[in-house]
Amino acid sequence: MFTEIVPYGENWLVKNFYGVGFVNQHGLFLQAYYFPEVMVEAFKDGTYILTQPMEP
């Protein structure tokens with residue numbers, strides 16, 4: 001399974017094939033977002049890009 005850990009401010013995002021998890025700077029897993037099955041099936045190679053709006 002593909003898993004990637006990326007920085008998010010002072011915290012971390014844990015990405016994998018079926019969702020994204022939010023981990024704080026102390027290593028506590030706080031929140032998870034699981035992709036709907038339709039989206040998971042669309043990830044043919046298991047990769048995707050996370051984006052967020054830029055602050056002014």
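Before we start clicking: two strands count as paired if DSSP finds at least two bridges between them. Also keep in mind that this is a predicted model.

**Stop one: the sheet.** Switch to cartoon and pick out the four strands. They form an open sheet in the order E1-E2-E3-E4, with antiparallel pairing. Now colour strand E1 (3–8) and strand E4 (29–34): these are the edge strands, each pairing on one side only. Going from one strand to the next, the twist averages 20°.

Zoom in on Gly-19, and across from it in E4 you'll find Tyr-34.

**Stop three: a lysine.** Move over to strand E2 (residues 11–16) and select Lys-15 there. Is Lys-15 buried or exposed? Its relative accessible area is 7%, so Lys-15 is buried, given that the cut-off for buried is under 20%. Show what surrounds it: leaving aside neighbours within four places in sequence, Lys-15 is in contact with Phe-2, Thr-3, Glu-4, Val-6, Tyr-48 and Leu-50.

**Stop four: the core.** Select Val-6, Leu-13, Val-20, Phe-35, Val-40, Phe-43 and Tyr-48 and show their side chains: these 7 residues are the largest nonpolar core. Then centre on Val-20. Skipping its neighbours within four places in sequence, Val-20 is in contact with several residues, among them the core members Leu-13, Phe-35 and Tyr-48. The contacts of Val-20 also include Gln-31, Ala-32 and Tyr-33.

Key: Residues are numbered from 1 along each chain as its sequence is written. This is a predicted model: local features need pLDDT of at least 70, side-chain atom pairs count only at pLDDT 80 or more; totals for chains, interfaces and linings use all residues. Side-chain values use heavy atoms; hydrogens and water are left out. Helices (H or I, at least four residues) and strands (E, at least two) are DSSP runs, numbered from the N terminus. Axes are lines fitted to C-alpha atoms, for helices over the stretch in contact, and angles run from 0 to 180 degrees between N-to-C directions. Buried means under 20% relative accessible area, exposed over 50%, partly exposed in between (1.4 Å probe, protein chains only). Contact means heavy atoms within 4.5 Å. A nonpolar core is a set of buried Ala, Val, Leu, Ile, Met, Phe, Trp, Tyr and Cys residues joined through side-chain atoms within 4.5 Å.
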